[in-house]
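Trainee: I have a model open and would like to go through it with you. Can we take it piece by piece?
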Amino acid sequence: MNSSEEIAVSAMSAGRSALRMGPAELVQAAAMARRFYLEGKSKIQIAEEFGVSRFKVARVLETALERDLVRIEIRVPAELDAERSDALRARYGLRHAVVVESPAEGEETSPDPENLGEVAADLLGELVSEGDVLGLAWGRSTIHMAAALDRLLPCTVVQLTGVYDAGTAERGSVEAVRRAAQVSGGEAHPIYAPMLLPDPATAAALRNQTGIARAFEYFDKVTVAAVSIGSWEPGISTVHDMLTDEERAHYASLGVAAEMSAHLFDAEGRRVGRDLGERCITVEADRLRRIPEVVAIAGGQRKAAAIDAVLRSGLVTSLVTDTAAADFLLNETGPKPRPALDRADPDGI
């Protein structure tokens with residue numbers, strides 16, 4: 001029996017409807033239900049054991065459900081919200097949506113709660129197959145995820161962006177790439193360079209350096225990627241914090257609502273401020289769009305609108321978030337978002 005499902009079978013009185021069955025019928029129905037629901041036997045096997053037709057077994061099992069002799073409860077771990085997860089998946093056309101309980105009021109100390117990273121680590125354990133190429137972008141949530149990894153099939157791990165601060169590389173995305181590669185037993189291809197450079201020429205020169213160029217060669221081979229999302233405000237977007245006041249004002253005037261891997265988006269998921277990418281060490285948006293599975297990890301009410309914007313961009317296929325963000329996303333009254341699995345660019349280019 002699946003650990004997330006509990007099948008409760010009782011031959012005791014379960015209301016007036018169950019009393020309409022005679023004792024022999026009750027005992028037989030309970031026995032058949034136990035064989036089918038708990039022991040995993042087929043209807044044909046049960047029919048052979050009891051000397052009846054499989055159609056009779058089907059009728060008995062149906063009657064057992066109708067008369068409350070069998071009660072089926074579907075349970076997931078307490079920290080997961082299955083109902084919101086399914087609703088969010090359906091609304092955005094996501095391949096996977098996992099919603100976890102938000103920290104209790106007053107307990108959240110980070111824009112990216114660590115429990116998101118822990119759940120994302122378990123999800124990657126499901127999604128990554130042997131021989132895959134896993135791409136990790138910079139972000140607090142992806143760093144938390146890598147730290148929580150305890151199982152990963154053999155795969156190559158490549159860094160998709162430069163780091164927020166080269167001086168913290170050993171504690172950030174470089175270490176995340178190394179950690180994931182260590183767990184999987186595969187190769188690691190980190191990027192020892194800042195995410196944002198002073199000008200396009202410096203960024204272009206760095207991209208041509210041997211180690212960075214080698215990592216970039218793997219971008220087209222990435223099969224699963226993990227990315228973070230930031231809203232355009234201090235402490236919530238690393239790119240925002242790296243820019244000057246004048247630059248922030250410029251991009252804000254373009255309507256930027258969200259940032260992911262140094263790509264900026266307006267509220268409708270359209271990319272704005274594309275010139276910023278010329279100064280950044282990051283995977284290009286068109287390459288991200290070609291990656292079969294892109295998992296975004298982001299939560300909290302402050303990031304909810306930014307998550308909506310990025311999901312509309314068509315760059316993300318799956319999401320790990322929390323109830324605070326999910327409630328905002330599910331209560332949106334605007335046009336139905338473009339399903340994420342379309343992978344279409346809202347700009348049409």
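Predicted model: local features only at pLDDT ≥ 70, side-chain atom pairs only at ≥ 80, totals over all residues.

Trainee: How many helices and strands does the protein have?

Mentor: There are 15 helices and 13 strands.

Trainee: And what share of the residues counts as buried?

Mentor: The protein has 349 residues, and 48% of them count as buried. As for contacts with a separation of 6 or more, 70% are between residues 24 or more positions apart.

Trainee: Now the helix pair. How do α14 and α15 cross?

Mentor: Helix α14 covers residues 304–312 and helix α15 covers residues 323–331. Their axes come within 9 Å and cross at roughly 60 degrees. That angle is why α14 is oblique to α15.

Trainee: Which hand does the crossing have?

Mentor: The crossing of α14 and α15 is right-handed.

Trainee: Which residues meet there?

Mentor: From α14, Ala304, Ala305, Ile307 and Asp308. On the α15 side they meet Ala325, Phe328 and Leu329. The residues of this contact comprise 6 nonpolar, no polar and 1 charged.

Trainee: Buried or exposed?

Mentor: Arginine 35 counts as buried, because its relative accessibility is 17% and the cut-off for buried is under 20%.

Trainee: What is arginine 35 in contact with, leaving aside neighbours within four places in sequence?

Mentor: With those neighbours left out, arginine 35 is in contact with Gly40, Lys41, Ile46, Glu49 and Phe50.

Trainee: On to the cysteines. Where does cysteine 280 lie?

Mentor: Cysteine 280 is in the loop between β11 (271–272) and α13 (285–290). Its relative accessibility is 1%, so cysteine 280 counts as buried.

Trainee: Which residues does cysteine 280 touch, again leaving aside those within four places in sequence?

Mentor: Cysteine 280 is in contact with Met195, Leu196, Ala203, Arg207 and Ala262, once neighbours within four places in sequence are set aside. Arginine 207 is 73 residues away along the chain, and its C-alpha atom is separated from that of cysteine 280 by 9.5 Å.

Trainee: What about cysteine 155, buried or exposed?

Mentor: Cysteine 155 is buried, with a relative accessible area of 4%.

Trainee: And how many disulfides turn up in the whole structure?

Mentor: A search of the whole structure gives 0 disulfides. A disulfide is a covalent bond joining the sulfur atoms of two cysteines.

Key
Residues numbered from 1 in each chain as written. Heavy atoms only, no water. Axes fitted to C-alpha atoms, helices over the stretch in contact; angles between N-to-C directions. Helix = DSSP H or I, 4+ residues; strand = E, 2+ residues; numbered from the N terminus. Parallel < 35°, antiparallel > 145°, perpendicular 65-115°, else oblique. Left-handed = near helix turned anticlockwise from the far one by under 90°. Contact = heavy atoms within 4.5 Å. Nonpolar A, V, L, I, M, F, W, Y, C, P; charged D, E, K, R; others polar. Buried < 20%, exposed > 50% of the residue type's maximum accessible area, 1.4 Å probe, protein only. Disulfide = S-S within 2.5 Å.
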